[in-house]
Amino acid sequence: MIKSCSMQINGQTLHLETGRIARQASGSAVVTLGETVVLVTAVSTDEVREGIDFLPLTVEYQEMSYAGGRIPGNFFRRDMGRPSEKETLTARLIDRPLRPLFPKNYHFETQVIASVLSTDKENEADVLAILGASAALEVSDIPFAGPIAGVRVGRVEGDLVANPTMSQLDKSDINLIVAGNRKAVVMVEGGGRFVSEADMIDAIFFGHEALQPMLDMQEELKAAAGRAKRPVTPAQEDHALARKVENEGAPLLRDVIRTADKVLRNQKRKEVTSAVIEKLSLEYEGMEGQIKDLLHDLERDMVRKMILEEGRRIDGRAFDEVRPIECMVGILPRVHGSALFTRGETQAMVLTTLGTEFDEQKIESIYGDDFRSFILHYNFPPYSVGEARRLGGPGRREIGHGALARRALLPVMPDKEAFGYSVRVVSEILESNGSSSMASVCGGSMSLMDAGVPIKEAVAGVAMGLVSGDGRIAVLTDIIGDEDHYGDMDFKVTGTRDGITALQMDIKMEGISREVMERALEQARVARLFIMDKMDQAISKARPEVSQYAPIILKTEIKPEKIRTVIGPGGKVIKHICSESGARVDVNDEGEITISASDQESAERALAMIEELVKEAEIGKLYMGKVVKITDFGAFVEILPGVDGLIHISQLDRGRVEKVSDVLQEGEKVLVKVLDVDEQGKVRLSRKAALGESLDDVS
């Protein structure tokens, strides 16, 4: 049964359809905006794999090359390789608002796949995929507490726009993705260029209002084409066991949840678990897993109660208090820029490397090729949390945290024209107990300054949390790992003293009100200023010069007609310059030349060779030239590479000259003076005016 519905958004038709294609999936939906088309499918197995006691949900997003009229650039010319960074980030974007909406005891393997089938390169597919994923689940038999929808919010010339086109985004100072249900916002991802807290709140709730018609569309489709949901067997609770676990565990856990040190707290938690299991092992043999789950839930309830009723956090801080901070820069001698940022038990060593434009990262996508001169990578080694496991490539978490930190710092990066270097920042997490991505932002800001990158302002970040219940709400500043785990919200905010640069919010409850979000953003602003004061004590502005170990980059411009002179036939001249100087030289079609070298001497030698090649004749100066052609009316003399001038026969000697060949021969060297250079660049020379002059006066 084919069913569809439509709505208008930003002057375009948003179309949602189900039942035409991918009909063997549990649920499918096709979302179209403009000429961008996304297919989303949802499938859930009929049997639970043995040993599975969690929701095995996977979300994939793929941008098919044919969607943008491209052939993949890899060797195999296939799309099914390793997901790109954009695909990984979008998959996370879809996953985060969906995951909390499945029943707690639903353990069937479930997969959501979003495929971009067509793109008009104006309407981005990521928010369409969020809508399509919710719609596919809504019409399926998979139990799902939806619907939800996602919308991108921009601000163009002061006006908020829902789902702005890419052209509009180029002129927007806000780029925000908001996901929500009927009642509230459940996820926020994006950033802005120094946007105030009040303006960001307006943008978020503008987005929430704009997505409401998308929920109507899904409910319409579900009513017309939805399948009956699978019955979910309620989790069986052993109340007697739960009471015994509480009786045995609660007195012991009171000490655990008041232990500030993470390592010691984890050790005490293990001891409590062992003691309770041992106490109950005879009566409840083989039920260790259930006992551990009950202890986890008990500790969660106790932590939340302690925060809400006693006003006490695990580490004893006030709700708006930031953990102790230590900032250091220049910690590694040969690295171009380095910083160590420690906040409580979270520590990031952030390193900056400067390169040339040849080190830019090429990004291939269905929208075309792009070159990224600012790269940020985030590494999370196992020792940072006291674990021993195999090192592998970056996972979704590492890619996501790196993208968030890059988005936070990007607005303060200098323009490429003002700072010709490519910049790579790497954040190595050495210790982790909450908001390591925010530590990466703070450390990255200081590391860039230490490297001499002229960033516009310092950037800091802080993670906010929320605990709510029984009408009480506690907004927590600078949350630790357990507060994130047991809390209702993880709200990361980054910015300068002038405004917000990036946001990321995930909600584990039904939603968050405007009032609570305003409180969280205000506490985050105060915390951000406090953190920046600490950072300023280590370094408050960029160093005046880049590291002595950074590559040397020199830029110069020549007239476009001189490009051939510098390059030479078959690139012979420019290759010679590179070989002789040891520098790398690049010339673009406008005559802009970039010279990069490992040392100043090589760069300056290459520059000198280029300047020698493109010299232009100056009126009144002497030159030693070479006769390249003899004519009846004079001789043509090359006085500079690629620059010829004419000595008229009347300017060959003080007396009358009958034939040019009586005075000069081809290939002969001759001292000449420049008489004139006209508007077309034609040069008039005189041998007569140079007679009697010294070779020492030659330019």
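Asp 369 and Arg 70 form a salt bridge in this predicted model, with their closest N and O atoms 2.7 Å apart; a salt bridge here is a side-chain nitrogen of Lys or Arg within 4 Å of a carboxyl oxygen of Asp or Glu. The pair links distant parts of the chain, 299 residues apart: Asp 369 lies in strand S15 (residues 368–372), and Arg 70 in the loop between strand S5 (57–63) and helix H1 (85–98). Helices (H or I, at least four residues) and strands (E, at least two) are DSSP runs, numbered from the N terminus. Asp 369 counts as partly exposed because its relative accessibility is 41%, and Arg 70 is also partly exposed, at 27%. Buried means under 20% relative accessible area, exposed over 50%, and partly exposed in between (1.4 Å probe, protein chains only).

Residues are numbered from 1 along each chain as its sequence is written. Local features need pLDDT of at least 70, side-chain atom pairs count only at pLDDT 80 or more, totals for chains, interfaces and linings use all residues, and side-chain values use heavy atoms, with hydrogens and water left out.

Side chains of opposite charge can pair when their charged atoms come close. The count of salt bridges comes to 56. One of them joins Arg 20 to Glu 17, with the closest N and O atoms 2.8 Å apart. Arg 20 is partly exposed at 47% relative accessibility, whereas Glu 17 is buried at 13%. In another, Arg 389 pairs with Glu 387, at 3.0 Å between the closest N and O atoms. Arg 389 has a relative accessible area of 41% and is therefore partly exposed; Glu 387, at 42%, is partly exposed too. Salt bridges also link Arg 313, Asp 315, Arg 317, Arg 323, Arg 343, Asp 478 and Glu 483 in a network.

Arg 230 sits in the loop between helix H5 (212–225) and helix H6 (239–256). Arg 230 counts as buried because its relative accessibility is 16%. Beyond its neighbours within four places in sequence, Arg 230 is in contact (heavy atoms within 4.5 Å) with Ser 44, Thr 45, Asp 46, Tyr 106, Phe 108, Asp 141 and Pro 143. Asp 359 is 129 residues from Arg 230 in sequence and 53 Å away in space, C-alpha to C-alpha.

Glu 590 is placed in the loop between strand S23 (584–587) and strand S24 (592–597). At 55% relative accessibility, Glu 590 is exposed. Glu 590 belongs to a surface patch of negative charge with Asp 415, Glu 417, Glu 557, Asp 589 and Glu 592. Patches are made of residues with over 30% relative accessible area and no salt bridge, like charges being joined within 9 Å and nonpolar side chains (Val, Leu, Ile, Met, Phe, Trp, Tyr) within 5 Å.

Definitions and conventions. Areas by Shrake-Rupley, 256 points an atom, 1.4 Å probe, with all protein chains shown as cover. Lys, Arg positive; Asp, Glu negative; His and termini not counted. Charge placed at Lys NZ, Arg CZ, Asp CG, Glu CD.
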